[in-house]
Amino acid sequence: MPFMQRALLAGAMVGVSAALVGSFVVIRRMTFIGAGIAHSSFAGVVIGLLVGINPIIAAMGFAIFVGLSIGFFAKNYRIEEESAVGVFFPFSMALGILLLGFIKGYSPNIMGYLFGDILLVGKTEVSLSLVAFILTLLFFSILFREMVFSAFDEETSRVIGIRVELVYYLFLFLTAFVIVVSIKIVGIILFSGLLVIPPLIALMFAKDMKGYVIFSGIIGLLSAVFGLVLSYYLNLPSGATIIAFSFLLLLIAAAFKRRK
Amino acid sequence: MKVLEIRNVWFYYEDEPVLKDISLEVEEGELIAILGPNGAGKTTLLKIILGILKPQQGEIKIFRKKIEELGDERRKIGYVPQNLVPNRKMPIKVSSVVLMGLYRGILKFPGEEDRKALKEALEIVEMDHMADRQFNQLSGGQRQRVLIARALVSKPKLLILDEPETGLDPSFHEGFFNLLARIRKVFSTTVLIVTHDVTAVSAVVDKIACVNRELITHGRPEEVLTGENLECLYGKGAAFFGHGPAPHIVVGKHHHD
């Protein structure tokens, strides 16, 4: 499969997954967690390059570890989620930078991981995107109401028998998974745009939660596909083009829906 | 039958006892109010009853079972939390909020019966014309009514309300305690309500429990609402007197020795 087809396929699946996950990241005010987990995967990428395993697989392990740790500290200590992120975010970046010094010679790919590079999208990435896409769809088909209810009223959700903690940790796991899979397309630094911008656009028009999540997914798909096509024809960096394109959509939506 | 049994419950935040040795029993069909000043531990007690908090000592039984053994009977508990601050950005419909009260578990979606129950519950709180509105676009009082409907929709055997009158619009507030009495009659529901509105509640309740970290007293309103008890709850000089159809509490000044 030519690289552009691979990139489009992976991009479409990742765009939808990130936007679906992002719709609850936005509602639950977890935006900073998304950015934090994405940045923490930098340490994982470097560890992968250092010990010679696929950096994405290493990043996935590390990002999931950080995601669940943030959840653990927020739930079990008197720490706000965002403070926990404020610790893990710089620590992981610091760890990555420190370890980078140990890689012998030049590591040309590092910029690709930071800002996305579709030339890095191989068969593994396409397969991982498919796994992320299927996991996301499964998660939302099974646990949509549980996610809505616990975002709306956590206490009553417990009373009616929803296992709020379990749903939360599964969601963090899924978020971390989707983030890492997206790295090669939009990059660690740019990822939170893909997570947050489509839901924000959807939120302006949504009348109910289902509509909101579905519309967010559609915007995510459009952003990724049109962003990639533009980057191909205009010879621009893929991640930056996707984010710039979705930002443009946000501006257009905001102009349509001007509020007080 | 005893619907609720609270036995020797102690609860500490850090090392500070918030509830000391509380024991209380509620019979089926009773309407009982928990009174007490701010910070008396009333909400904590409700959260313990609901299983949201675990007491360090003591035990709670609902429908003669421990809360963790309730299983499907959990749905027979309706709950109206205090001051639910809605996520303002969340586009959730009134009907979805109410249907939350009929949650049965993962992948068990609401059916035709549930839609009927939804309509009935919204009718009871006079909000049936707003089923398709977004919850966050309602006024505080309307939101509170929707939350009451959510608690009612499963036709609960035990209804627990934490200061539900907060934010209710005056027109609905007046009828609210009568509504409680009606719900109790129609569904033969046991009702446990935490409230500050002694005046309104004393007209409809069977029993009152006065809580200020410990259970000061409990019994029929006329037995409980004595000057001595009220002093203990609201400070020196508090008094309870009736004139016209509703009794009143006068809260005295606190004396600092």
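A: Start with contacts: two residues are in contact if their C-beta atoms, placed from the backbone, lie within 7 Å. Among contacts in chain B between residues at least 6 apart in sequence, 64% join residues at least 24 apart.

Q: What should I know about the model and the numbering?
A: This is a predicted model: local features need pLDDT of at least 70, side-chain atom pairs count only at pLDDT 80 or more, and totals for chains, interfaces and linings use all residues. Residues are numbered from 1 along each chain as its sequence is written, while chains are lettered from A and ligands numbered from 1 in the order in which they are written.

Q: How many helices and strands are in chain B?
A: Chain B has 8 helices and 12 strands. These are DSSP runs, numbered from the N terminus: helices are H or I with at least four residues, strands are E with at least two.

Q: Which strands form the open sheet in chain B?
A: There are 4, in the order 2-1-4-5, with antiparallel pairing. Strand 2 and strand 5 (65–66) of chain B are the edges, each pairing on one side only. Two strands pair if DSSP finds at least two bridges between them.

Q: And the bridge counts?
A: Strand 1 (residues 2–13) and strand 2 (residues 16–27) of chain B pair over 8 bridges. Strand 1 and strand 4 (residues 57–62) of chain B share 5 bridges. Strand 4 and strand 5 of chain B share 2 bridges, and Ile62(B) has Lys65(B) as its bridge partner there.

Q: What packs on that sheet?
A: Helix 1 (residues 42–49) of chain B does, touching strand 1, strand 2 and strand 4 of chain B. Its direction makes about 120 degrees with that of strand 1 of chain B. Axes are lines fitted to C-alpha atoms, for helices over the stretch in contact, and angles run from 0 to 180 degrees between N-to-C directions.

Q: What stands opposite Glu5(B) in strand 2 of chain B?
A: Glu25(B). In strand 4 of chain B, Lys61(B) stands opposite Glu5(B).

Q: Which residue takes a positive phi in the hairpin of strand 1 and strand 2 of chain B?
A: Glu14(B), near 55 degrees. The hairpin has 2 residues between the strands.

Q: Switching topic. Why is strand 8 of chain B largely enclosed?
A: Strand 8 (residues 190–194) of chain B has 5 of its 5 residues buried, so the rest of the structure largely encloses it. Buried means 20 or more other C-beta atoms within 10 Å of a residue's own; 12 or fewer is exposed, in between is partly exposed, and C-beta atoms are placed from the backbone.

Q: Which way do its residues point?
A: Thr190(B), Leu192(B) and Val194(B) point one way, Val191(B) and Ile193(B) the other.

Q: What does strand 8 of chain B pair with?
A: Strand 3 (residues 31–35) of chain B runs parallel to strand 8, with 4 bridges; Ile32(B) partners Leu192(B). Strand 7 (residues 158–162) of chain B is also parallel to strand 8, with 5 bridges; Leu158(B) partners Thr190(B).

Q: And the contact between the chains?
A: The contact takes 21 residues from chain B and 22 residues from chain A. Strand 6 (77–80) and helix 2 (94–99) of chain B each supply at least two residues of chain B's side.
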